[in-house]
Amino acid sequence: KNKVHVAKSKSGIVVKGIDDMAVRFSRCCSPVPGDEIVGFITRGRGMSIHRTDCINIINLPEHERARLITAEWGKAETGSSYMAEIKIYAQDRQGLLMDMSKVFTEMNIDVKSMNVRTSKQGTATIEVGFVVHGREELGRVIERLRQLAGVLDIERAVG
């Protein structure tokens, strides 16, 4: 079996047979270390990394599939951080956002974006983008948020 060159990029992504290609993490599904990922060779912008459960990868037209490439997490540089996005479904109540903010503050999580929509039925959908160092930390954040009064469900953004 011929030896496969394994490229290491600063992002900690390992792609067989490719030397330091520009690697971007896709905004649609915000992969973090520990997620199953796949590379997509973009036209002129290097490679974008998606989660394998990303809606854009799942719905990729047949003729584009040739541009998918196996990718996996290698050893990222210490202190590497990644954007994570989650959707929180909750019963709208006063103090909900304050309680959520408290969780992020206590866990030293840097929140980069937040979008809140409330339905006439009183259900709030809150999309939050924040920085984590990997899947374990993300799991801990989700676990803490689930314990808040009124939170119905939390899911990760998948495109």
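Modeller: The model is predicted. F25, W73 and Y82 form one aromatic cluster.

Colleague: How many aromatic pairs are there by this rule?

Modeller: The count comes to 4 aromatic pairs.

Colleague: Why is the pair of F25 and W73 called stacked?

Modeller: The ring centres of F25 and W73 are 5.8 Å apart, and the limit for a pair is 6.5 Å. Their planes are 15° apart.

Colleague: Where in the chain do F25 and W73 lie?

Modeller: F25 is in strand β3 (residues 23–25) and W73 in strand β6. They are 48 residues apart, so the pair links distant parts of the chain.

Colleague: What makes W73 buried or exposed?

Modeller: W73 has 18% relative accessibility. Buried means under 20%, so W73 counts as buried. F25 has a relative accessible area of 26%. That falls between 20% and 50%, so F25 is partly exposed.

Colleague: Why is the pair of F104 and F130 called tilted?

Modeller: The centres of F104 and F130 are 5.2 Å apart, with the planes at 55°. Stacked needs under 30 degrees and edge-to-face over 60, so 55° leaves tilted. F104 lies in helix α2 and F130 in strand β9, so the pair ties together parts 26 residues apart in sequence.

Colleague: How do you know whether F104 and F130 are buried or exposed?

Modeller: The relative accessible area is 3% for F104 and 0% for F130. The cut-off is 20%, so F104 and F130 are buried.

Colleague: Which residues touch the most other members of the largest nonpolar core?

Modeller: I86, I88, M100, F130, L138 and L145, out of 32 residues. Elements that give two or more residues to this core include β7, α2, β9 and α3. Beyond its neighbours within four places in sequence, L145 contacts I86, I88, M100, V103, F104, V151 and I154.

Colleague: Which residues of α3 are buried, and what puts them on the same side?

Modeller: The buried residues are E137, L138, V141, I142 and L145. They cover an arc of only 135° around the axis, which puts them on the same side of α3. An α-helix has 3.6 residues a turn, so residues three or four places apart point the same way.

Colleague: What covers the buried residues of α3?

Modeller: The cover includes β7, α2, β9 and β10.

Terms used. Residues are numbered from 1 along each chain as its sequence is written. This is a predicted model: local features need pLDDT of at least 70, side-chain atom pairs count only at pLDDT 80 or more; totals for chains, interfaces and linings use all residues. Side-chain values use heavy atoms; hydrogens and water are left out. A nonpolar core is a set of buried Ala, Val, Leu, Ile, Met, Phe, Trp, Tyr and Cys residues joined through side-chain atoms within 4.5 Å. Buried means under 20% relative accessible area, exposed over 50%, partly exposed in between (1.4 Å probe, protein chains only). Helices (H or I, at least four residues) and strands (E, at least two) are DSSP runs, numbered from the N terminus. Contact means heavy atoms within 4.5 Å. The arc is that of the directions from the helix axis to the C-beta atoms. Rings of Phe, Tyr and Trp (its six-membered ring) pair if their centres lie within 6.5 Å; planes under 30 degrees apart count as stacked, over 60 as edge-to-face and the rest as tilted.
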